[in-house]
Structure formats: structure tokens, C-alpha cells
Amino acid sequence: MAEAVAFSSDGVGALGFWKTHQYGFISGGFNRPLLKNCVPRHPSFPSRPFRKKRVKRRLIGERLVIKMAEYEGKVVPADFTSGNMLFEPILEEGVFRFDCSSDDRDAAFPSLSFTNQKNRDTPIMNHKVPMYTPTFECVLGQQIVTIELPTGTSFYGTGEVSGQLERTGKRVFTWNTDAWGYGSGTTSLYQSHPWVLAVLPNGEALGILADTTRRCEIDLRKESTVKFIASSSYPIITFGPFASPTAVLTSLSHAIGTIFMPPKWSLGYQQCRWSYDSAVRVLEVARTFREKGIPCDVIWMDIDYMDGFRCFTFDQERFSDPQSLGKDLHLNGFKAIWMLDPGIKQEDGYFVYDSGSANDVWIHRADGTPFVGEVWPGPCVFPDFTQSKARSWWACLVKDFISNGVDGIWNDMNEPAVFKAVTKTMPEDNVHRGDAELGGCQNHSHYHNVYGMLMARSTYEGMKLANENKRPFVLTRAGFISSQRYAATWTGDNLSNWDHLHMSISMVLQLGLSGQPLSGPDIGGFAGNATPRLFGRWMGVGAMFPFCRGHSETGTVDHEPWSFGEECEEVCRLALKRRYRLIPHIYTLFYMAHTTGTPVATPTFFADPKDPSLRTVENSFLLGPLLIYASTIPDQGLDELQHKLPKGIWLSFDFDDSHPDLPALYLQGGSIIPLGPPHQHVGEADPTDDLTLLVALDEHGKAEGVLFEDDGDGYEFTKGGYLLTYYVAELQSSVVSVRVSKTEGSWKRPKRGLHVQLLLGGGAKIDAQGTDGEVLQITMPSEHEVSDLVSTSKEQYRNRLESAKYIPDVQEVSGHKGIELSSTPIELKSGDWALKVVPWIGGRIISMMHLPSGTQWLHSRIEANGYEEYSGVEYRSAGWSEEYTIVERNLEQAGEEESLKLEGEIGGGLVIERQISLPKDNSKVFRVDSGIVARNVGAGSGGYSRLVCLRVHPMFNLLHPTESFVSFVSIDGSKHEVCPEAGEQSYEGNLRPNGEWMLVDKCLGLALVNRFDITEVHKCLIHWGTGTVNLELWSEQRPVSKQSPLTVSHEYEVRVIP
């Protein structure tokens, strides 16, 4: 644990340490301009470079300044500083701000995450010191912050991220990206949350915020260590350690704000499609929901409602009267939400473009002219939401737009996404003329990550202008760590497959653990065609998410709940009726989230943060004390699911609706949750509806719960116009008494019946009726009677599962090229080489035998290691385990060179193509030509895929580790011999091998030579393991289109060395 360092009056720390560093390369993938110190030049602050003094292993304050050209044979930047960060207590007890120095503190940009900038910049009186103090290194304009935590710490948060729930071993980059078809290893999605929630081994938790808007690397690859890398200077804010993860999130909310209070209707089910092509089709979909008795509250209008994709307009043929459409929807209990994008068509005579130009609200190029980028309407300009005048201009447009029967607004494409650009966004040197309190005039790289949040803020403020008595509802694709103040979000353009169903649970939870509780995926998957079982299973769990919306892209089959047959339709109906029964509980959770900052949906381990076995559970989650356990495996239904429950009492229940494709439900002992009738839409509910309380007693025979009620919209609740009721239940002398313990708010209790369901275990329950507000007493049955009730309930449960109509597992199979796959490795043998390939697991090479020397160079098993290729910078991103198809096989006996061509789908319309060949004209080598190719990239991405990187990852044996090294000559002419003691090393720019490097085994007198095309390889990485080494070739990282694949061609040869 590092020692804490407090600011002294002169800004110099009281403690210090000496730490040596070796820099032969800079990793992280960013261009890093050389700066003289950590302090950036910012127009709001004077430039105050440090006074440089000649030092020889001597401290200047808390910073170590090294000025030398070389250090122990490695190149070291001319200016390098490091040390313990300096701290000040801020905000409240347990919250600390850390900076590299007092100068860096003064130079930090304004906070766009804190609701009140002064809370971050004003110290408070507090004599406590932080338990964990970050260390820093500043080099080449980058500030590298490291926090080391106890062994056994688990990591969560990092915002909108794909992949696993527990984040140890992962690395992400906060850079809002249009990531259509993303995978589990994609490192940048649509939102940026430079935030880590660390759960310590004892169950306490610590929150860590890197308060920067710029591109930030969050590196959790080293166990129990958090590392942030971003442009200097930025503060680190820590929250805790506190007693629980919930306490950390509550404290975080005091800094970044809480979720806006959603209108109650927005918690119902919502149906979307890109696109319902006319008002007639919209009303047909709405009518079908009512006819089939499937609950729904909202229909969404995607971009095709517009006139030529011009924002704030309506197609005069297909959506000629939006006000009438809105009225018709309202009469049937539906709300209407309409899309608005930031790209405004550059067209004289288009009123939005003309007024924006007159008000000078557009983002500029570096030369001072408005930036024009291609999006849906064609050439577009973009509002500069960093300016108050631009936000006001947009808000006024939104205000007028609402009068067309608009109930909510959907902000899409606001990363901002730009077509026909390799970066998928605007140039980083574009200029934002931002307000001084936001950071002033800065280039786009500074404001990129907050652009979507500022757009959502402007939209939210415009909706409030339209009607101050209604709560705005805004959904945004792009966001920042504090965007929950203005908008809900969803997890972007996901895929219709089982991996994305499974991943959607963790993604929703990570957003909640990063301060955004109102989120959900596109149920059923956006891209591709869901199967009936996939859609039904996804609706089962999706109906329990905080935000519940089905959505699918153009060109796919219909994805409404009735689109996949009667069996799937019934499961969807049951799932959504569950949600509507739970609306009183979910709405109460959001009231608590809004007022206190507590999360809504949380990982299962929140029930017992001390239990390490719960920390990686990914197929269950909590809504308060309600545990939802889902199956995300195609062939595993509810009846085959193994449930890992937290310790304590967890009582199962259902609504007489159990089905193999629906999740299991449990209520924690000691809890009461409120339930309502399964209405067709939220507007059907009435305060006089019977109230149901579901009760699970704890080991002491007690339980408690809370219910929040108000108008469901508007702001009277902020003036006392609500009813908050605390219920308690207690077992005394075989009688359970249920009563109101206290209330808040000025609302009078409605006259209504009270229905109490007391859970007994095994799904059994006792029902009792009474009047809400009065004490209701329930006489407990004898132990024998309870046993009979439990047995009967279990039998009924089994009967329901056995009699349920299973959703058929219909799988649409597209035609595959090539021959049938088999489970026998394919052998290639010619000249000096004999190879074995397993197409069905990543197309990996598992054997690489050099015949003249009898040397097996690869370290591999059938299912892992060997020669692998990935489609991203993350270890084992898509491509390493997918089933590959054999496209072509040529045999030497047929007069051809021995070769094998494979391809594997990696999602998002992409494939990895790989050709392995043993050339006839050179028997000493074998060659691998690989590429990531766009086959079917969605129109929504502008023809470009998600960000991908072709990462060649072979794992070689070290037969004699102490006698082995990697040797090469760099492009700049420098010679390198890298031994295992060096650990992981990466080489970029002129430090890359000049087209060749070799693994040398001095004992064998052999070298495995790897030659490659230097124009295709942007990074080379060496990773030494136990008896192994990886020699990796990385392409550049960028989107691909059909015209611009990523390729890496290389070959291997064994050379005898003296």
C-alpha cells in the first residue's frame, strides 16, 4: 500500500520514494506528443512549466525528474516524472482528490462529470488520510496512474463494455465509437465511463474515477491493479473504501448526480424497428399488441419517418400527420418516441440548417469553416453542443417538435458518427468553441466523449421547455459518466445470437455500476435474425431489465413478440405480464435511485459482497431483493439450470407462469416487494387497484419493504405530492402481522384492498386479504401443513414445466461454401514442414513440426493456444474459438502446392480469411495470408465495420528457456536481443522489426525466422510465459469495408545459426 501524501502550503508533498523505470517503447495505441511536463496548455490557465533542475537520484518535492538520453541500455524520454500523487479530501468523508502536483491541480480542466464543479475543486475539513494512494508517471504528454489493491480484489464498472462481468484481465479505451456488430473483445463502444468499482477481498469497495473527457486507457490486465493512461493533466477521485459497493455508488451519485426521475410509462415494454415505414404500419403494430393481450406502452419511430433524413421534419406521404398518429396511439394507451440525430443536412432552404447557420452554432474545422461530414442525409453540419447558444438553439427546436405528438426523443448517431471516415467520427482537430465553464475553446479530441451527453442535455432541456409539468424521456446512444442526469441508454447495435443474449446481462449491470441505472439491450438482437427460442429466452430476461425495448434492423425478419410462432408469443406474453406485475417495485427502485443514488439492477454478489464465488456469476442479477436467474444457453432450460444462490434465505416463487424459457425468481428473506395487476399498459393502473405485497421472512421472522406512489409523471413529487409507504411483517406466536410502519408525503392513502402473499419455500405461499393501511394478520400453518403445501407447490411447478409448450429451436442455416467439417485435424505436409489445423475451433494451427530438425515449435492443445488469430486488440477477441469453414483445400499430390483456405465469421458481417500454404518453389517455408473482410456490414454503419485489428497470436515452445531469446533489427537500425527476463515488450513505429524477427535457441543452434510485410504490421509484441513465448503481429486498428480489408501476410522458416 502506497503512503498518502497531502498537499502542503507550497504544493510539495511530505513523503517520497525512488522508483526506476525503463522505457524502450510506449504502448497504448495513441499518438503522444512530447510535452515538457504534465501540465497541458489550456486557454483558461496560464502555462506554468516546472523549473527544471539538474538532479542525480534526488527528489524534487514528490516528483522524480530524470534527464538522460539512455538508462541501462534503454531509451528514456528526456523528461520523465513520477511519484505518489498528492491528495485533498473533497465532497464528503471518504472521498479524495489526487493530483500529480499543485501545478497539475491548477491546470486540470473543468469537470464535466461532477454536477457541481466546486465540489471537485474545493477541499473540505477532514483529518483522515486515504487508505490507497495512486502513483503516477508522466511521460510524452501522458499521465499514467496506477493503484495497487489487495490480492483478491475484483473489478467492475468501466461503463458500457462488452464481455465478462468481472473485469480483471481486460483493457478498454474510453472513446465513443459507432460499434455496429461489436463483440466481446471490442475495446471502445458508444459511451465513456473512466470509472472502476473495486470490490476488496473483505467485501468493502472502492470507486476510482479518472476525471478526464479525453481518450483514456483503463488497464486491468494486472491482477488487483488499476491503471489509467490519458493526456495530462487530470485528477483521480477515489470513493471509499466503504462498507459495501452500494455505499460507493451512493457516494458517486453525490458527485455525478442521480438518474433523472423517469415517467412511469417509460418503465413499460417498448417496441421499435428500423423502421416502421408508415403511420399505417405503426398503428397496425399497436393494434396487434392489444388484440393479442401482450402488454406494451411505447412505439418508436426510427429515422425513416423523416423527410429525406432531415431532422425535425416528417415524410409527407408516410407520416403526413404526426399529431393524428400521436392521438391515435394515446387513445390506445401508447406513447410515441421519435429519433433525432445530430447531423443536419447542409442544404440552403432547410429551416434547421438556415437557422443554425444564422446563429453560428456549427462545429468548425481547424481552418475556421464549418465541418461537413457525410451521414444519413448526405453532407451534414453538426451543432456545437459545447456552446450554450447552440444548446439553447437545439432546445428551442425540440420544444416546437414536441407539439407534433412527440412523447419522447431518441438521440442516435451522437458519438458523433460520420460516414466515409476510417475513424467513423469527425477529425480530432475540429474546433469546439466551448463555454468557459466546460473548458473553453478546444479541439474535438477534448470534447468527443461528452458530445453525446451534451446533445442529450440539450434535448432534455428542450422537452422541459415544451411542458414543465411532464418529465422528459430521452434515450441516447452516446454518453459520458454523468449522462444519466439527462437520458436513459441502451447497449447499441448488438447481434441476434446467444453470446449477445448472455453478454447483455453483464452490460446492463456494468452500466448500473457506473452510475447509469436505466439501460437495456435491443431485446432479440438488432443485427441478424433471431430464432424463436433465442427471442423468447431473451424476452424472458429482458422483461426484467430496467429499460425494456425490442428493436431490430432493416433487412431482418419481423421481431415483434408474435413473429416467431405461438409458443414464443406465449412466452413473451408471460414475460411481459411479469414485468407489469413488478412495475410498482421497479418504479420504487427508480425513485430510490433518483433520490439517494442507489442502483436498480445489481450483480448477484451485491447480496453478499464477501463471497468470492458470487463475483463472476453472469446469468443472474438483483432488482433490489428480487433475484432473477436466467439460462442463456440454447439447450438448457429453467428445469436444467443450476442455481448459485447467495447465503441466507432465498424463497422461490412465480405467478403460476413458470416455463422452461423464463427465468427463475427468488425473494430474499427479510424482504417485502409491492406488486400490481398485469395491465396492458401503465396508464390502465389506478390508485384504487388492489395492492399485492410479496413477503419473505428472514431467520428472525421479520421482513420489510417500501412502495413509492405518485402521479407517475410531472414534478409534484418534489413538492410532497407523493406517498412513500414502509411496510413491515413480523412473526409472533404463529401469527404474522403485516402493517405500515411509517409513511412520507402528502398523498392520502387510496381506499384499496390489500393482498398479502407469504412465501413458505418451494414456491408455496399463503394468501391473505385485507385493507391497505390496516394491520393484516396471518395465522401460520403447522410444520406438517407447511410441508404439505411445499410438496404440492413443487408438484404443480413440475407439472407446469412438463406441460409447457417448448419454443422450437428453429435455426436458419445459411449455405456454407466448401466441404463438410470433421473432428479430425487437417494435415498439411510438404518440404520441411508438417502442420495440423483444427477448423472447428478457431481454425487454429496446433502442430508446426520442422521435419529436418524434428522440432515442434508450437505449444498447443486442441482447444487452446497454438497459432491463433484475433479480430481485436484484446486477448482472445472474436476469431480465436469460432468454427471456421474450409473454403478450399489443395493437395500436393494433385499437382498443386499444399494449401488450405478457411474462413470464420466473427460477427457484425465480418469474417477472418486465412490461407495456409506450403509453396512448391520454396520447401523451407510455410506461409500464412490472413485478412479481416467485410461481407455484410449493415447500412446503419455507413459501410464500415466496428473497429477491428488483425492480431496474429502464435504461442511457441521454449525448449531451452535460459538459452532462448528474440533477435531483430529495428527499422531505425537499432539491434535488439530480448530475453525472457524482459517480460512483455511491444514495438511500434521505427522500433518495429524491419520485416523480420527470429526466435533463437542457442542450445539447438536453430532460429525460427518470421518474415512479414512491414506495411501491414503496425505493432510487434513479445510475451514470455512459462516455457513459452508469443511473437505477435498486429495490424492497424480501424474499421473495414468491403473495399478496405485488413491483411497480414507472413511466413516461417527455420535457420541454422553458428
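Start at Ser445: setting aside neighbours within four places in sequence, Ser445 is in contact (heavy atoms within 4.5 Å) with Trp175, Arg214 and Glu428. With Arg214 there is also a polar contact of 3.2 Å between the two side chains. That term covers a pair of N or O atoms within 3.5 Å; within protein, one must be able to donate a hydrogen and the other to accept it, and residues adjacent in sequence count only if both atoms are side-chain atoms. Ser445 sits in helix H8, residues 444-447. Helices (H or I, at least four residues) and strands (E, at least two) are DSSP runs, numbered from the N terminus. Ser445 counts as buried because its relative accessibility is 9%; buried means under 20% relative accessible area, exposed over 50%, and partly exposed in between, using a 1.4 Å probe and protein chains only.

A word on what you're looking at: this is a predicted model, where local features need pLDDT of at least 70, side-chain atom pairs count only at pLDDT 80 or more, and totals for chains, interfaces and linings use all residues. Residues are numbered from 1 along each chain as its sequence is written, and side-chain values use heavy atoms, with hydrogens and water left out.

Now for the sheet. It is an open one of 9 strands with parallel pairing, in the order S31-S30-S28-S25-S21-S20-S19-S33-S32. At the edges you'll find strand S31 (519-520) and strand S32 (522-523), each pairing on one side only. Helix H7 (residues 388-402) packs on this sheet, touching strands S21 (335-340) and S25 (408-411), and the direction of H7 makes about 145° with that of S21. Such axes are lines fitted to C-alpha atoms, for helices over the stretch in contact, and angles run from 0 to 180 degrees between N-to-C directions. Two strands pair if DSSP finds at least two bridges between them. Take S28 (residues 474-476) and S30 (residues 488-490): they run parallel and are joined by 2 bridges, with Leu475 standing opposite Ala488 in S30.

Most residues other than glycine have a negative phi, and most peptide bonds are trans. The bond from Ser232 to Ser233 is cis, with omega near -10°, and Ser233 is in the loop between S17 (225-231) and S18 (236-242). Glu415 to Pro416 is cis too, with omega near 0°; Pro416 lies in the loop between S25 and S26 (431-433). As for phi, Asp360 has a positive value of about 55°, in the loop between helix H6 (351-358) and strand S23 (373-375).
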